Amino acid sequence: MKKHDVTALGELLIDFTTDGTLSNQGNKLFEANPGGAPCNVLAMLQKLGRHTAFIGKVGNDSFGKMLKVTLLEAGINTDNLLMDNNVPTTLAFIHTAPDGDRSFSFYRDPGADMMLRPEEINTELIKNSKIFHFGTLSMTDPGVEAATKMAIEAAKEAGAIISFDPNLRPPLWKCLDTAKEKIRYGLSVCDVLKISDEEIAFLTGIEDVDAGIELIRRQYDIPLICATMGKNGSKAYYKNIAVSRETFLDVNTIETTGAGDTFMACVLNAVLENGLDGFDEQKLYTMLTFANAASSIITTRRGALKVMPEKTEVLDFLVKFTEILNESLTISKFKSKF
């Protein structure tokens with residue numbers, strides 16, 4: 001029996017977000033929200049009753065200390081969260097458009113998350129995990145890239161499922177061709193892939209999601225691929241099955257930070273329940289339904305890591321939409337699937 005359901009490696013940082021409020025002097029006011037895609041995933045998994053652990057590095061500063069406390073409060077194991085005495089915690093400023101879409105400004109040259117090294121990885125933690133999750137931000141610097149690849153090898157040797165989300169952030173790459181190279185590496189080692197429509201187009205040059213995924217599947221043997229398409233919903237590709245699910249648009253949406261991470265967590269939760277060999281069309285549809293609903297909820301909140309929805313909250317949200325969407329499932333039937 002493995003102790004941890006999911007262990008993730010990568011960036012843990014501060015997301016500075018604003019709601020348009022101005023100070024008395026007319027300056028924008030930013031809120032310091034704990035963030036970072038891998039830990040956002042773990043935070044949602046904790047809400048779903050899973051046991052998780054994080055591997056990474058923050059600065060030994062006020063932000064780093066706040067982040068460690070935040071993970072502990074969320075129930076995430078921090079045994080392999082390190083504090084760097086010389087490099088500060090990475091900061092990201094999120095600029096939100098009127099439709100809720102985002103752009104980023106990063107203060108990471110360097111940031112503490114880039115300083116993780118192979119000799120600092122607790123491989124026993126990885127070997128004691130069912131799923132190992134990572135993204136490309138831990139491959140933007142040679143040192144942390146070596147640590148990431150070592151962790152992946154340890155996970156593979158231990159028989160863990162490998163999960164990958166490219167989480168492309170162009171401002172963090174000196175060369176976007178290098179970003180493509182690292183994404184391709186992730187595709188070559190993963191068993192579960194979550195990729196956005198924009199990332200599919202970036203990698204393949206193909207705008208059509210189905211055609212782009214077909215090209216990826218021809219090149220890489222990935223058992224389960226999920227494509228997220230923002231307001232256009234999501235799709236799952238598994239063996240000879242392709243399932244799509246509409247999104248749940250919420251008039252209260254304020255920003256999309258953490259939506260993809262919330263979705264990723266729900267996918268991994270379904271993998272833990274069904275195993276990679278246990279999916280059929282109905283289970284994939286149920287997975288996408290729950291993941292889309294949870295993602296919709298998180299878009300109504302600022303920040304992500306500290307405000308992930310409870311499982312019951314997602315189910316209640318689905319009750320509200322059942323009649324609107326004329327779904328055939330009753331809530332009792334839906335709850336029996338989780």
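**Exercise 1. The β12–β13 loop**

Locate K239 in this predicted model, then decide whether the residue is buried or exposed.

*Solution.* 
- Step 1: K239 sits in the loop that links β12 (234-238) to β13 (241-245).
- Step 2: Check the backbone. Phi of K239 is positive, about 50°, although K239 is not a glycine.
- Step 3: Check the cover. The relative accessible area of K239 is 52%. The cut-off for exposed is over 50%. K239 is therefore exposed.

**Exercise 2. Another positive phi**

Find where N167 lies and state whether N167 is buried or exposed.

*Solution.* 
- Step 1: N167 belongs to the loop between β9 (161-165) and α5.
- Step 2: Its phi is near 45°, a positive value in a residue other than glycine.
- Step 3: N167 has a relative accessible area of 9%. Buried means under 20%. N167 is therefore buried.

**Exercise 3. A peptide bond**

*Solution.* 

**Exercise 4. Packing of α4 and α5**

Work out how the axes of α4 and α5 are oriented, and which residues make the contact.

*Solution.* 
- Step 1: Take the geometry. The axes of α4 (residues 142-157) and α5 (residues 176-189) come within 12 Å. They cross at roughly 10°.
- Step 2: Apply the cut-off. Angles under 35 degrees count as roughly parallel. Therefore α4 and α5 are roughly parallel to each other.
- Step 3: List the contact. α4 supplies E145, K149, I152 and K156. α5 supplies K182, Y185 and V189.
- Step 4: Sort by class. The contact has four charged residues, three nonpolar and no polar.

**Exercise 5. The whole fold**

*Solution.* 
- Step 1: Count elements. There are 11 helices and 13 strands.
- Step 2: Along the principal axes, the C-alpha trace spans about 55 × 55 × 40 Å.
- Step 3: Of the 338 residues, 56% are buried.
- Step 4: Among contacts between residues at least 6 apart in sequence, 71% join residues at least 24 apart.
- Step 5: Finish with the surface. The accessible surface comes to about 14,600 Å², and carbon and sulfur atoms hold 48% of it.

Conventions: Residues are numbered from 1 along each chain as its sequence is written. This is a predicted model: local features need pLDDT of at least 70, side-chain atom pairs count only at pLDDT 80 or more; totals for chains, interfaces and linings use all residues. Side-chain values use heavy atoms; hydrogens and water are left out. Axes are lines fitted to C-alpha atoms, for helices over the stretch in contact, and angles run from 0 to 180 degrees between N-to-C directions. Helices (H or I, at least four residues) and strands (E, at least two) are DSSP runs, numbered from the N terminus. Angles under 35 degrees count as roughly parallel, over 145 as roughly antiparallel, 65 to 115 as roughly perpendicular and the rest as oblique. Contact means heavy atoms within 4.5 Å. Ala, Val, Leu, Ile, Met, Phe, Trp, Tyr, Cys and Pro count as nonpolar, Asp, Glu, Lys and Arg as charged, and the others, Gly among them, as polar. Buried means under 20% relative accessible area, exposed over 50%, partly exposed in between (1.4 Å probe, protein chains only). Accessible areas come from the Shrake-Rupley method with a 1.4 Å probe; for residues, only the protein chains shown count as cover.
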